[in-house]
Amino acid sequence: MLFQLIKKQLLLLWRNPVQIFLLLGLPIILILILSIALAGFMESGSPKLELKVAWLEHEDESKQIERFINEMDALGVPAETFGNSEDMQMITMLREDIFQGEDLQEMIELNVIHKDEKADVLADDSYSGLIEVPENFTYDMLQSISEQGGERPEITLHVNQEDGIYSSVLSQILEQFDENLTTQTFLQQNGLDVDMEEMQAAASVGEQTQIDQMEPISSRDYYTIAMAVFTGLYVASTIGFFATRERQDQVFDRIIVGDMSRWLYFLSILISGTIIAFIQLLFLFCFSYFVFQVSFNDILTFLITTISYAIAVGGITVLLTAISYRFKSDAIIGFFSGVVTSILAFIGGSFFPIGELSETIARLGNLTPNGSGLSAYIQILRGSGLEDVANYLIYMISFGVVTIIVAAMSFPKRGSTR
């Protein structure tokens with residue numbers, strides 16, 4: 001008899017094409033619209049910086065190094081003390097190995113200019129900055145390092161005030177370079193053995209590695225999951241409306257008069273909601289697999305997650321039915337369908353990844369069944385296993401069990417529905 005009651009609920013849905021469209025067709029439309037409309041936001045990642053920088057060097061560096069070496073030889077100080085001539089080319093290192101190195105060459109367009117072009121570059125808003133190396137910079141720096149006197153020289157940076165973030169990047173690069181030169185001077189003056197190549201490696205911008213090496217997801221991945229768990233909530237209101245209609249048409253009363261246990265009807269609503277939610281999720285994910293190439297590598301974890309969320313939806317379904325039967329009104333189902341589902345979708349991140357705004361909001365979103373399901377599916381999509389999403393699965397199943405218990409306590413006894 002239980003099977004017949006479940007079959008009856010499934011046939012009611014099958015014979016209602018409008019509800020089928022709302023549960024299966026509408027999510028597909030929403031996935032298409034949202035994934036395309038918000039693709040730029042979801043997939044842009046960190047903004048790509050593109051700086052146009054001018055480089056003005058007032059004196060050839062090799063001549064300054066040659067002059068310094070000749071002076072050291074005259075003083076009887078071996079030039080090897082400071083490395084070979086290539087090691088002393090700190091400005092060449094800054095220009096070629098840092099600003100034009102592999103790490104920054106895609107970010108910075110460096111244009112070497114002459115003195116007579118300086119005024120034009122400063123007036124050109126397309127330039128983010130002008131790096132000006134004064135005369136005798138390398139010579140004076142080597143003199144400072146060797147304690148031969150003279151003030152420590154400085155590189156001048158002219159920035160475009162309108163490009164705040166770009167000028168900040170340039171300033172940080174030069175500050176880092178200056179710090180390394182200061183360290184080099186200190187070590188050299190204290191007679192410590194210093195390798196100029198090590199200084200160059202320290203001054204270079206290191207490779208940036210991503211701590212979280214999990215697979216990124218696209219906007220289509222995200223909104224496939226988001227709309228699937230969101231519209232899964234409508235399964236609860238749909239089956240709840242069917243059950244309420246049966247109460248109004250006295251179908252439930254005839255079942256009770258026929259000496260059938262009310263708990264059989266209760267179980268039929270629970271199982272029907274769970275089955276329909278499971279089928280809906282599988283349909284949407286299968287469609288997205290063939291159309292959007294959204295795929296889950298760990299199929300077993302995916303199926304367990306889908307069953308867990310379906311149980312949560314089944315619990316909501318039977319709870320709505322029990323409350324509507326208790327108060328003999330379908331107002332609670334209408335309120336859930338029109339208001340509560342939208343609130344849950346917003347908090348749970350179905351409309352927008354709101355959890356990225358703060359950790360508190362993320363935790364609050366995971367307290368909703370759809371938010372917990374969304375987080376679990378995203379983790380699986382990014383390569384996580386069953387143990388990584390176990391907390392989400394336990395929460396969804398627990399949520400379903402709690403709603404089922406509350407529904408059982410609220411479900412009217414025999415004769416109380418008339």
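**Close-up 1. Strand S3 and the two ways its residues point.** In this predicted model, Gly129, Ile131 and Val133 point one way from S3, while Leu130 and Glu132 point the other way, and all are buried. In general, side chains in a regular strand alternate between the two faces of the sheet. Strand S3 covers residues 129-133, and five of its five residues are buried, so the strand is largely enclosed by the rest of the structure.

**Close-up 2. The neighbours of S3 on either side.** Let us stay with S3 and look at its partners. Strand S1 (residues 51-57) runs parallel to S3 and is joined to it by five bridges. Within this pairing, Ala54 has Leu130 of S3 as its bridge partner, and Glu57 stands opposite Val133 in S3. S4, in contrast, runs antiparallel to S3, and four bridges join the two. Here Gly129 is partnered by Val159 in S4.

Close-up 3. In general, strands of a sheet pair through backbone hydrogen bonds, either parallel or antiparallel.

Close-up 4. The buried residues are Phe137, Thr138, Tyr139, Met141, Leu142, Gln143, Ser144 and Ile145. Ser146 is found in the loop between helix H7 (137-145) and strand S4 (156-159). Ser146 is buried as well, with a relative accessible area of 12%. A residue from elsewhere in the chain also belongs in this view: the C-alpha atoms of Ser146 and Met72 are separated by 9.3 Å, although the two residues are 74 apart along the chain.

**Close-up 5. The largest nonpolar core.** This core has 56 residues, and those with the most contacts inside it are Ile225, Val235, Phe285, Phe296, Tyr309, Leu374 and Tyr377. At least two of its residues come from each of helix H2 (17-37), helix H10 (219-248), helix H12 (262-292), helix H13 (299-327), H14, H16 and helix H17 (390-410). H10 gives the largest share, 14 residues. Another core, of 29 residues, lies apart from this one and includes Met72, Met88, Phe99 and Met141.

**Close-up 6. Tyr309 and the residues around it.** Which residues does Tyr309 touch, not counting those up to four places away in sequence? They are Val229, Gly232, Leu233, Leu281, Pro369, Asn370 and Met396. Tyr309 is also one of the residues with the most contacts inside the largest nonpolar core.

**Close-up 7. Helices H14 and H16 where they cross.** The axes of helix H14 (residues 331-348) and helix H16 (residues 369-381) come within 8 Å and cross at roughly 35°. The crossing of H14 past H16 is right-handed. H14 brings Leu344, Ala345 and Gly348 to the contact, and H16 brings Asn370, Gly371 and Leu374. By class, the contact has three nonpolar, three polar and no charged residues.

Terms used:
Residues numbered from 1 in each chain as written. Predicted model: local features only at pLDDT ≥ 70, side-chain atom pairs only at ≥ 80, totals over all residues. Heavy atoms only, no water. Axes fitted to C-alpha atoms, helices over the stretch in contact; angles between N-to-C directions. Left-handed = near helix turned anticlockwise from the far one by under 90°. Contact = heavy atoms within 4.5 Å. Nonpolar A, V, L, I, M, F, W, Y, C, P; charged D, E, K, R; others polar. Buried < 20%, exposed > 50% of the residue type's maximum accessible area, 1.4 Å probe, protein only. Pairing = 2+ DSSP bridges. Core = buried A, V, L, I, M, F, W, Y, C linked by side-chain atoms within 4.5 Å.
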